[in-house]
Amino acid sequence: MLRVELEAWREILSHACRSYPDEACGALLGLREQEERRVYEAVALSNVWPGSKRNRYRVDPLELLRAERHARQRGWDVLGIYHSHPDAAPYFSRTDLEQACPWYCYLVVSVRDGAFAAARCWQPNDELTSVIEQAICLPFGDEQEETCQEY
Ligand SMILES: [Zn+2]
């Protein structure tokens, strides 16, 4: 289970919507508590994919290192990576899997016409050959259909 706290979720939505129609990406910072990963802070990272960013992303490795340091200073870890899928479903694509790290979970946020549509969380296996979907708990429950501007 991935549980995203309110401030972190607001940052993810805001980042995903303002980056539209490009893909946004960032780090999920927080704590593992038994079976649950609790995200306290989301840190926006630059999408440094050299081509069109409309359906690809690559996190800036230096910014990710800084996010790791920031997390450790708070006694947290980088639990995973979020990225957006502009006008596409929040599935985990083959290219997503190719660049994944097995120690992270991956939150994919679908943004349609600049507004939040859906989110799903994926956990790659150690061999990076497949993913298992993880349950997510978002702070807005059944209000997820609302547009980002309203948050
Ligand atoms: Zn993707």
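Predicted model: local features only at pLDDT ≥ 70, side-chain atom pairs only at ≥ 80, totals over all residues.
Residues are numbered from 1 along each chain as its sequence is written.

I then noted that strand 2 and strand 3 pair in the antiparallel sense over nine bridges, pairing being called when DSSP finds at least two bridges between two strands.

Next I traced helix 1, which packs on the sheet and touches strands 1, 2, 3, 4, 5 and 6, with its direction at about 40° to that of strand 3. Helix 2 also packs on the sheet, touching strand 2, strand 3 and strand 4, and its direction makes about 135° with that of strand 3. For these angles I used lines fitted to C-alpha atoms, for helices over the stretch in contact, with values from 0 to 180 degrees between N-to-C directions.

I followed the sheet across and wrote its order as 7-6-5-4-2-3-1-8, an open sheet of eight strands with mixed pairing. Strand 7 (131-134) and strand 8 (136-137) are the edge strands, each pairing on one side only.

At strand 7, I found four bridges joining it to strand 6 in an antiparallel run, with Pro124 opposite Val131.

Last, I checked Leu107, which, leaving aside neighbours within four places in sequence, is in contact (C-beta atoms, placed from the backbone, within 7 Å) with Leu2, Leu28, Gly80, Tyr82, Ala119 and Cys121.

How values were computed:
Contact = placed C-beta atoms within 7 Å. Helix = DSSP H or I, 4+ residues; strand = E, 2+ residues; numbered from the N terminus.
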